[in-house]
Structure formats: C-alpha cells, structure tokens
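Open the model in your viewer and keep the selection tool at hand. The stops below say what to select and what is there.

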Amino acid sequence: MQYNVTLKENASPEELSKAKESAKSQGGEITHEFSLIKGFTVKYPDDKMSTLESNEHIHVEKDGEVKTQ
C-alpha cells in the first residue's frame, strides 16, 4: 500500500530525515518527496503502519486518486 506522510509545519529538517530513515528501515520504499511541504510518499507494509503513525510530528494517510468532478 502507498501512503502520504507529512510532517507538522514546525517539524525540523532532522525530523523529516528521521521519518524517512524510519520508513526505509521498516521495509518502506520512498517513491516521491514533496517540495512545498515536509513530506513524502512511501510504499509501506500495512502491518508496519503503527510505527510511523506513533510519531507525534507525522500525519499518515493512504495515497489515492483525487477527482474534482
């Protein structure tokens, strides 16, 4: 499953680096890094999601198609 991971606006660059390293060390593959916000898209095993979600600086949501009409 693919997830969008974003960090709070006040998160430091170090916290972003830690989040990416944590995702990779748990079997995740970063497929995209955002440039306007602190975050990335990661292919991640569903059974490991609680690891990322437990970080207070991170918001995780499933990646999906968005339609406007």
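Start by selecting Leu 16, Ala 19, Lys 20 and Ala 23, the buried residues of helix H1. Buried means under 20% relative accessible area, exposed over 50%, and partly exposed in between, with a 1.4 Å probe and protein chains only. Look down the axis of H1: its buried residues fall within an arc of 95 degrees, so they line one face of the helix. That arc is taken from the directions from the helix axis to the C-beta atoms.

This is a predicted model, in which local features need pLDDT of at least 70 and side-chain atom pairs count only at pLDDT 80 or more, while totals for chains, interfaces and linings use all residues. Residues are numbered from 1 along each chain as its sequence is written, and side-chain values use heavy atoms, leaving out hydrogens and water.

Now select Glu 14, Lys 18 and Ser 25, exposed residues on the face of H1 turned away from its buried side. Then show the whole helix, residues 13–25. Its 13 residues, at 1.5 Å a residue, should span 18 Å, and the end C-alpha atoms are 18 Å apart, which agrees. The expected span is 1.5 Å times one less than the number of residues. Just after H1, select Gly 27, which takes a positive phi of about 100 degrees.

Zoom out for the overall layout. The protein has two helices and four strands, in the order β-α-β-β-α-β along the sequence. Helices (H or I, at least four residues) and strands (E, at least two) are DSSP runs, numbered from the N terminus. Of the 69 residues, 28% count as buried.

Next, the core. Select Tyr 3, Val 5, Leu 7, Ala 11, Leu 16, Ala 19, Ala 23, Phe 40, Val 42, Tyr 44, Ile 58 and Val 60: these twelve residues make up the largest nonpolar core. Strand E1 (2–7), H1, E3 and strand E4 (58–62) each supply at least two residues of this core. A nonpolar core is a set of buried Ala, Val, Leu, Ile, Met, Phe, Trp, Tyr and Cys residues joined through side-chain atoms within 4.5 Å.

Which residues does Phe 40 contact, leaving aside neighbours within four places in sequence? Among them are Tyr 3, Val 5, Leu 16, Ala 19, Lys 20 and Glu 33. Contact means heavy atoms within 4.5 Å.

Lys 20 lies in helix H1 and Glu 33 in strand E2 (residues 29–33), so the pair ties together parts that are 13 residues apart in sequence. Lys 20 is buried at 17% relative accessible area, whereas Glu 33 is partly exposed at 46%. A salt bridge is a side-chain nitrogen of Lys or Arg within 4 Å of a carboxyl oxygen of Asp or Glu.

The structure holds two salt bridges. For Lys 24 and Glu 21, the closest N and O atoms are 3.7 Å apart. Both residues lie in H1, three residues apart, about one turn of the helix.

Finish at Thr 41, in strand E3 (residues 39–43). Thr 41 is buried, with a relative accessible area of 5%. Its side chain makes a polar contact with that of Asn 4 (2.8 Å). A polar contact is a pair of N or O atoms within 3.5 Å; within protein, one must be able to donate a hydrogen and the other to accept it, and residues adjacent in sequence count only if both atoms are side-chain atoms.
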